[in-house]
Amino acid sequence: MDELSKKIQDVKNLIENTDHILIAGGEYLSEQAGLDIYGPMFTDNFQDFIDRYEFTNMYNGTFFPYKYSEEKWAYIARYFHVYLNFEPTQLYKKIYRLVEDKDYFVITSTFDEQFYKTGFPKSKIYASNGDCRHLQCSEPCHNELYDFIELIDRMVKQTDDKRKIPRQLIPQCPKCGGSMDLHLTTNKNFIQDADWKKQHEKYGRFTTRNKDSKTLVLQFGSPKVFEKTIRENPKWHLVRFMEPKGKIGNIGSSLFKPFKKNTEYLNRIITFEEPIEEIVDQLLK
């Protein structure tokens, strides 16, 4: 049996014998699923902005210092319109099939809603970075959130050939009349509303409740996030899917230096750099 086949079999055994599964999904997972901010999703929908500003990916336009707010909101609305109307992807559906019969929980930094769209119950998802469905006062002068979906559609439909929305569509706080922001943690005044707090607490209870149980973490991207957790919980295992550019050469890697006095936990980490869907397909066999 070659090394890759052995790792896949080891993960199959872990999934079969674990009591709980924590899924950590980030941008890398969505890119692998087809929501590629550099690929056709970007070039097919933002050519006018690319021609004007030479953006190289979708993120460029979200933080660009536009001269006109009408143009800024035109870009933001189109950005989230593309995400929210992206079809449920096969990769997310397959991951759901992988864990649906287990006690699982999801923590995700994405806001494309693929987990919701492909079968994962909202009650089992903690979207740690907020969501793109709501706006908040940028101050904030109060803690209420406002639906952004209907306004997104109007902005997209009314964007003119100069990449601008009508000025009257620029969102303003209904309380103080000031500017509005997205309900995302990129906003320094991010509001931790009741729903966000509820899921944050559920995530905390899941990890605390299972700290002494056999628990498997399936981590997609962000290679260092759960290393400390695995080291501190002897019954936990980590399977991480990483971009090849984040390759870890060996156990002596600098990533592990803080814990080199205790390397036992490294035996409970399995890393894949192959395309995620190829590995998930093998795990489903």
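Author: Gladly! The largest pocket holds about 630 Å³ of space. This is a predicted model, where local features need pLDDT of at least 70, side-chain atom pairs count only at pLDDT 80 or more, and totals for chains, interfaces and linings use all residues. Residues are numbered from 1 along each chain as its sequence is written, and side-chain values use heavy atoms, with hydrogens and water left out.

Reader: What is a pocket, and which residues are the closest to the centre of the largest one?

Author: Rolling a probe the size of a water molecule over the atoms shows where empty space is left. On a 1 Å grid over the protein atoms alone, a pocket is an open set of points where a 1.4 Å probe fits, with protein on both sides within 12 Å along at least five of seven lines; lining residues have an atom within 4 Å of a point. Points are joined across faces, edges and corners, and the volume is the space filled by probe spheres set on them. Here 32 residues line the largest pocket, and Thr62, Phe63, Phe111, Leu184 and Thr186 are the closest to its centre.

Reader: Which element gives the most to that lining?

Author: Helices (H or I, at least four residues) and strands (E, at least two) are DSSP runs, numbered from the N terminus. In this lining α6 gives the most, with 6 residues, while α2 (27-33), α5 (58-62), α6 and β6 each supply at least two.

Reader: And how do I read a nonpolar core?

Author: In soluble globular proteins, nonpolar side chains tend to be buried together. A nonpolar core is a set of buried Ala, Val, Leu, Ile, Met, Phe, Trp, Tyr and Cys residues joined through side-chain atoms within 4.5 Å. Buried means under 20% relative accessible area, exposed over 50%, and partly exposed in between (1.4 Å probe, protein chains only). The largest core has 37 residues, of which Met58, Trp73, Tyr75, Phe80, Tyr83 and Phe148 touch the most other members. Its largest share, 10 residues, comes from α6. A second, separate core of 29 residues includes Ile21, Tyr28, Leu29 and Ile95.

Reader: Which residues does Trp73 contact beyond its neighbours within four places in sequence?

Author: Contact means heavy atoms within 4.5 Å. With those neighbours set aside, Trp73 meets Leu135, Phe148, Met155, Ile165, Ile170, Pro171, Met180 and Leu182.

Reader: Now strand β6: is His183 buried or exposed?

Author: His183, in strand β6, counts as buried because its relative accessibility is 1%. A polar contact is a pair of N or O atoms within 3.5 Å; within protein, one must be able to donate a hydrogen and the other to accept it, and residues adjacent in sequence count only if both atoms are side-chain atoms. The His183 side chain reaches the backbone oxygen of Ile191 at 2.7 Å. Asp181 also lies in β6, but this residue is partly exposed, with a relative accessible area of 24%. Asp181 and Gln136 are 45 residues apart in sequence and 5.4 Å apart in space, C-alpha to C-alpha.

Reader: Where does the side chain of Gln199 reach?

Author: Gln199 sits in helix α10 (residues 194-209), and its side chain reaches the backbone oxygen of Ile125 at 2.9 Å. Gln199 counts as buried, at 11% relative accessibility.

Reader: What does Ser30 touch, not counting residues up to four places away in sequence?

Author: Ser30, in helix α2, touches Leu35, Tyr92, Thr110 and Asp112 on that count. At 3% relative accessibility, Ser30 is buried too.
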